[in-house]
Amino acid sequence: MGSKYTKRYTEEFKRDAIALVDSSGRTLTAVARELGISSEFLRGWYRRAKADRGEGAPGEFTTAEREELKRLRRQNSEQSKTIEVLRKAAVFFAKESDR
């Protein structure tokens with residue numbers, strides 16, 4: 001059974017790992033092995049860093065865009081709930097006024 005513990009890496013560690021990949025000329029896998037981390041972690045960090053620098057794949061979101069999208073989705077969800085409450089209240093008061 002897998003562990004429920006997820007190790008968190010600091011932003012400084014991530015930046016240093018990405019810089020090591022850029023400066024060493026070695027593969028992501030080799031750098032990840034040396035640092036003792038998953039190559040998939042490092043690959044994700046590297047992809048995000050490239051997108052933030054404007055070097056990502058076409059249509060790939062930067063970190064700022066991803067955070068803004070998350071914020072807007074949360075706001076949309078809250079507003080949808082508010083609209084639903086107001087809709088139910090309007091129906092209730094319309095029935096009450098008909099009495």
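Because the model is predicted, local features need pLDDT of at least 70 and side-chain atom pairs count only at pLDDT 80 or more, while totals for chains, interfaces and linings use all residues. Residues are numbered from 1 along each chain as its sequence is written, and side-chain values use heavy atoms, with hydrogens and water left out.

**Helix packing**

Two packed helices are described by the angle between their axes and the distance between the axes. Helices here are DSSP runs (H or I, at least four residues), numbered from the N terminus. Axes are lines fitted to C-alpha atoms over the stretch in contact, and angles run from 0 to 180 degrees between N-to-C directions.

| Helix pair | Angle | Axis distance |
|---|---|---|
| Helix 1 and helix 3 | roughly 85° | within 10 Å |

Angles under 35 degrees count as roughly parallel, over 145 as roughly antiparallel, 65 to 115 as roughly perpendicular and the rest as oblique. Helix 1 and helix 3 are therefore roughly perpendicular to each other.

In the contacts (heavy atoms within 4.5 Å), helix 1 contributes Phe13, Lys14, Ala17, Ile18, Val21 and Asp22, which meet Leu42, Trp45, Tyr46 and Ala49 of helix 3. Residue classes are nonpolar (Ala, Val, Leu, Ile, Met, Phe, Trp, Tyr, Cys and Pro), charged (Asp, Glu, Lys and Arg) and polar (the others, Gly among them). The contact of helix 1 with helix 3 has eight nonpolar, no polar and two charged residues.

Helix 2 passes helix 3 in a right-handed crossing, meaning that the near helix is turned clockwise from the far one by less than a right angle. Leu28, Thr29, Val31 and Ala32 of helix 2 make this contact with Ser39, Leu42, Arg43 and Tyr46 of helix 3.

The crossing of helix 1 with helix 2 is right-handed. Its contact joins Phe13, Ala17, Leu20, Val21 and Ser24 of helix 1 to Leu28, Val31, Glu34 and Leu35 of helix 2. These residues divide into seven nonpolar, one polar and one charged.

**The largest pocket**

Helix 1 and helix 3 (39-52) each supply at least two of the lining residues. By class, the lining has three nonpolar, one polar and five charged residues.
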